[in-house]
Amino acid sequence: MLAPPTLAIRVPMMPKAPNVAGTVFGGVILSLIDQSGFYQVRRHGVHRWVTVSMDAVEFQRPVWPGDVVSFYTSTEHAGRTSVRVRVRVLAERFQ
């Protein structure tokens, strides 16, 4: 059985470059998802890991500057030449 999700990284969203709606660019979140996935797969060995694809990303709510965003990862499949990782993203808003 594979391990439950663990905290990979936690990042405060800085106000340096919001989009026209004032929220954090989706690309910033995608980049952090990719970094989180790397922290998970490197547990499977010291290799030159690359991201081949992201099956799906669903943005449910906007992330605002000042939110603290946590990225939780878990390994879904570990094969001989590849690893599939799930990343769950949770934003915490302080008001």
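I set the burial terms: buried means under 20% relative accessible area, exposed over 50%, and partly exposed in between (1.4 Å probe, protein chains only). This is a predicted model, where local features need pLDDT of at least 70, side-chain atom pairs count only at pLDDT 80 or more, and totals for chains, interfaces and linings use all residues. Residues are numbered from 1 along each chain as its sequence is written, and side-chain values use heavy atoms, with hydrogens and water left out.

**Threonine 75.** I found threonine 75 in strand S2 (strands are DSSP runs of E, at least two residues; helices are H or I, at least four; both numbered from the N terminus). Threonine 75 counts as buried because its relative accessibility is 9%. Its side chain makes a polar contact of 2.8 Å with the side chain of glutamine 40. I logged another, of 2.9 Å, to the side chain of histidine 44. (A polar contact is a pair of N or O atoms within 3.5 Å; within protein, one must be able to donate a hydrogen and the other to accept it, and residues adjacent in sequence count only if both atoms are side-chain atoms.)

**Largest pocket.** I read a volume of about 1600 Å³ (the space filled by probe spheres set on grid points, joined across faces, edges and corners). A pocket is an open set of points on a 1 Å grid over the protein atoms alone, where a 1.4 Å probe fits, with protein on both sides within 12 Å along at least five of seven lines; lining residues have an atom within 4 Å of a point. I noted 42 lining residues, with Ile33, Ala56, Val85, Arg86 and Val87 nearest the centre. S3 gives the largest share, nine residues.
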